[in-house]
Amino acid sequence: MRLWIAILFTAGLAVGCGLVLAFTGVSVFGLMVVGTSVWAGVDSEKHRLRKYQSGISYGPVVLGILCAVFWIVGFPWYLSMRYKIRTGAARLRPEFEPWDMASGQMSPKGLVQPWQGRKI
């Protein structure tokens, strides 16, 4: 989702929890925060969030904890980053960018030497 849609979605979830509390007297906000945070952590591993440039590019456990603690900011941020990854608009971190041997570009390990490690 785009950022503004993710913010509206998150606010809608919070309002929905408030309505459930008002009508039934049962607070489901904590359960919703934990559920969405666990989902964000599991889903981030599926989409390989760590490979992309973002302030929220962490492993699934750290991302789940950060989303749980800072839910009102972290969850919409994750949703918008997920949207960028799925649409191809997210930028890879430099260590994960593909490189082309034919272009004369250096590999992440240095100069490309095809004979390296073998006897000539």
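Leaving aside its neighbours within four places in sequence, leucine 63 is in contact (heavy atoms within 4.5 Å) with Ala40, Gly41, Ser44, Leu49, Ile56, Tyr58 and Tyr78. The model is predicted, so local features need pLDDT of at least 70 and side-chain atom pairs count only at pLDDT 80 or more, while totals for chains, interfaces and linings use all residues. Residues are numbered from 1 along each chain as its sequence is written, and side-chain values use heavy atoms, with hydrogens and water left out.

Leu63 also belongs to the largest nonpolar core, which has 17 residues; Leu49, Ile56, Leu63, Tyr78, Met81 and Ile85 touch the most other members. Such a core is a set of buried Ala, Val, Leu, Ile, Met, Phe, Trp, Tyr and Cys residues joined through side-chain atoms within 4.5 Å. At least two residues of this core come from each of helix 1 (3-24), helix 2, helix 3 (60-69) and helix 4. Helix 4 supplies the largest share, six residues. Helices here are DSSP runs (H or I, at least four residues), numbered from the N terminus. In soluble globular proteins, nonpolar side chains tend to be buried together.

Serine 57 sits in the loop between helix 2 and helix 3. With a relative accessible area of 12%, serine 57 is buried; buried means under 20% relative accessible area, exposed over 50%, and partly exposed in between, with a 1.4 Å probe and protein chains only. The side chain of serine 57 reaches the backbone oxygen of leucine 49 at 3.4 Å, and a polar atom of that side chain lies 3.4 Å from the backbone oxygen of serine 54. Not counting residues up to four places away in sequence, serine 57 touches Leu49, Arg50, Tyr52 and Arg93.

The charged side chains complete the picture. A salt bridge is a side-chain nitrogen of Lys or Arg within 4 Å of a carboxyl oxygen of Asp or Glu, and by this rule the count is four. In one of them, arginine 82 pairs with aspartate 43, with the closest N and O atoms 2.4 Å apart. This pair links distant parts of the chain, since arginine 82 lies in helix 4 (residues 71-87) and aspartate 43 in helix 2 (residues 29-46), 39 residues apart. Aspartate 43 counts as buried, at 6% relative accessibility.

Glutamate 45 and arginine 50 meet in another salt bridge, at 2.8 Å from N to O. Both are partly exposed, glutamate 45 at 28% relative accessibility and arginine 50 at 41%. Glu45, Arg48 and Arg50 are linked in a network of salt bridges.

Technical notes
Polar contact = N/O pair within 3.5 Å; in protein donor to acceptor, adjacent residues only side chain to side chain.
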